[in-house]
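Hello,

Here is the structure I promised to pass on, with notes on what turned up in it. Have a look at the model first, then read on.

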Amino acid sequence: MSQRLLGPAPRSFQKALATRQPYRCLSCSLRLSQSQSSAEPQNDSSQPTTHFGFQEIPSSSKSSRVSSVFSSVASSYDKMNDLMSLGIHRLWKDHFVRSLNPGSKTLPPSPSHQTQESRTEPWTMLDIAGGTGDIAFRLLSHATLINNDHSSRVIVSDINPAMLSAGRARSQQPEYEPYTPRLSWLEANAESLPPSIADNSIDLYTVAFGIRNFTSPSRALREAYRVLKPGGVFA
């Protein structure tokens, strides 16, 4: 058989090869990313760590990471909850608030008084990680409509200003506006509440899903104990 001799490739073909984009392989990129991650130095074992999703990270960086996540979703947080839970989160929250019965005229039994006691003063409630006010609005609605309590108030506390801003904007909607005078908004870390939340000043402390985002749950629980009145409720 005769052999065909090949000469040099045409210049146009050589130019095309020179400018060709590098081949992109998703699985290869993932493997490269994982190998690079495994090659990174691990956290110093002497440094405290905590969980963030499925990662273990330095405790000192959790607050900033949580803040970054919620800043990015603040404007669509309520819709996101609807989508992720198919709306079931609304039923959970309704049940949660009904079980607390805010604005009722009785105090829950305490270690020193095993029976319920009557009360006349309004409730002061602190909703930690309250964000867009989903729990706070329900607390005031229940107090007003079920217990005819028009004086109890809620302090909505969150570490993220973007979430609080979304809650304030929501409070101006017609359905929530009647409760606005009884709401206050506080940017604060639950692990170190400001002096404006005095010792023994809170009747009901709610945290709902927010406890999962605490860097140190034990510090937050100590603060909850500090601000709750004797016989107050943590939920």
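The place to start is an open sheet of five strands, ordered β7-β6-β5-β8-β9 with parallel pairing. Strands here are DSSP runs of E with at least two residues, helices are runs of H or I with at least four residues, and both are numbered from the N terminus; two strands pair if DSSP finds at least two bridges between them. The edges are taken by β7 and β9, each with a single partner strand, so one side of each has no neighbour in the sheet. On average, neighbouring strands are turned by 25° against each other, direction ignored.

Before going further, a word on provenance: this is a predicted model, in which local features need pLDDT of at least 70 and side-chain atom pairs count only at pLDDT 80 or more, while totals for chains, interfaces and linings use all residues. Residues are numbered from 1 along each chain as its sequence is written, and side-chain values use heavy atoms, with hydrogens and water left out.

Back to the sheet. β8 and β9 run parallel and are joined by three bridges; Ile-202 has Leu-228 in β9 as its bridge partner. Helix α7 packs on the sheet, where α7 touches β6 (153-158) and β7, and its direction makes about 165° with that of β7. Helix α8 (residues 217-227) lies across β5 (124-128), β8 and β9, running at about 130° to β9. Contact means heavy atoms within 4.5 Å. The axes are lines fitted to C-alpha atoms, for helices over the stretch in contact, with angles from 0 to 180 degrees between N-to-C directions.

How many aromatic pairs does a search of the whole structure find? There are two, counting rings of Phe, Tyr and Trp (its six-membered ring) with centres within 6.5 Å; planes under 30 degrees apart are stacked, over 60 edge-to-face and the rest tilted. Phe-137 and Tyr-176 are stacked, at 4.2 Å centre to centre with 20° between the planes. Phe-137 belongs to helix α6 (residues 134-145) and Tyr-176 to the loop between α7 (161-171) and β7 (183-187), so this pair ties together parts 39 residues apart in sequence. Phe-137 is buried at 3% relative accessibility, and Tyr-176 is buried at 15% (buried is under 20% relative accessible area, exposed over 50%, partly exposed in between, with a 1.4 Å probe and protein chains only).

Tyr-205 and Phe-234 also make a stacked pair, with ring centres 5.1 Å apart and planes at 20°. This pair links strand β8 (residues 202-206), which holds Tyr-205, to strand β9 (residues 228-234), which holds Phe-234, across 29 residues. Tyr-205 is buried at 1%, whereas Phe-234 is partly exposed at 38%.

Helix α6 deserves a look of its own. Its 12 residues reach 17 Å from first C-alpha to last, close to the 16 Å expected at 1.5 Å a residue; the expected span is 1.5 Å times one less than the number of residues. The helix is mostly covered, with 10 of its 12 residues buried, among them Asp-134, Arg-138 and His-142. In the loop between α6 and β6 sits Asn-147, which is buried at 17%. Setting aside residues up to four places away in sequence, Asn-147 touches Asn-101, Pro-102, Gly-103, Ser-104, Lys-105 and His-142.

Now the charges. The structure holds eight salt bridges, each a side-chain nitrogen of Lys or Arg within 4 Å of a carboxyl oxygen of Asp or Glu. Arg-226 meets Asp-199 at 2.6 Å, N to O. Arg-226 is in helix α8 and Asp-199 in the loop between β7 and β8, so the pair ties together parts 27 residues apart in sequence. Arg-226 is partly exposed at 22%, and Asp-199 is partly exposed at 47%.

Asp-203 and Lys-229 form another salt bridge, at 3.2 Å, N to O. Asp-203 lies in β8 and Lys-229 in β9, so parts 26 residues apart are tied together. Asp-203 is buried at 7%, while Lys-229 is partly exposed at 24%.

Arg-226 also bridges to Glu-223, with the closest N and O atoms 2.9 Å apart. Both residues lie in α8, three residues apart, about one turn of the helix, and Glu-223 is buried at 12%. Finally, salt bridges that share partners join Lys-93, Asp-94, Asp-134, Arg-138 and Arg-170 into one network.

Best wishes
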